[in-house]
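Reader: I'm new to this. Could you walk me through reading a model like this one?

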Amino acid sequence: CDDTSAAVLRGGGLLSNVIASQAVHVKYGGVIPELASRAHQQNIVPVVDTALGDAGITADNIDAIAYTRGPGLLGSLLVGTSFAKGLSIAKNIPMVEVNHLQGHIFSHFIDLPDRQLPHPSYPFLCLLVSGGHTQLVVVKAPLEMEIIGTTIDDAAGEAFDKCAKVMGLPYP
């Protein structure tokens, strides 16, 4: 919710990854959902354009558009979903919805442009810490996962933000 990002992948390899951090949240010491949504609207077109340019391709060369369906802040998710749908319709490209948390888990399988990274073997245990979500997940196979532990209230990431604010540390 506090960054606008786009990446281009070919196979399992990363061709580009562009992230626009949202400085608007610095003033308030944390994410303000409505401001996050507005920042996404401002950033999404230049971020995607830069990601395509860095990858050396155009939108006409895309086989599929993956977008974050959730979980997350609704307004921020709507910006990404709307952009993805618009590009999908305009270029007749299929869409693939991605679960935000599963995306973090499967990021372990993305290789860099210049080298293949070590990938975990199945099954593996994943500690997932992302914003309002903290989970322990047993990943048995690509689409076979079991959450064996999760926070009930605040997640570790939010706790770090709140502690930092009390200590007078800047955001992020």
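Author: Helices (H or I, at least four residues) and strands (E, at least two) are DSSP runs, numbered from the N terminus. Ser16, for instance, sits in strand 2 (residues 13-21). This is a predicted model: local features need pLDDT of at least 70, side-chain atom pairs count only at pLDDT 80 or more, and totals for chains, interfaces and linings use all residues. Residues are numbered from 1 along each chain as its sequence is written, and side-chain values use heavy atoms, leaving out hydrogens and water.

Reader: Is Ser16 buried or exposed?

Author: Buried means under 20% relative accessible area, exposed over 50%, partly exposed in between (1.4 Å probe, protein chains only). Ser16 counts as buried because its relative accessibility is 5%.

Reader: What is Ser16 in contact with?

Author: Contact means heavy atoms within 4.5 Å. Setting aside neighbours within four places in sequence, Ser16 is in contact with residues including Val8, Ala51 and Asp54.

Reader: Which residues of helix 1 are buried?

Author: Among them are Ala36, His40, Ile44, Ala51 and Leu52. The buried residues of helix 1 pack against strand 1 (3-10), strand 2 and helix 2.

Reader: Where does helix 1 have a kink?

Author: The bend at a residue is the angle between axes fitted to the seven residues ending there and the seven starting there. Helix 1 has a kink of about 45° at Asn43, shortly before the proline Pro46. Just after helix 1 comes Gly56, with a positive phi of about 75°.
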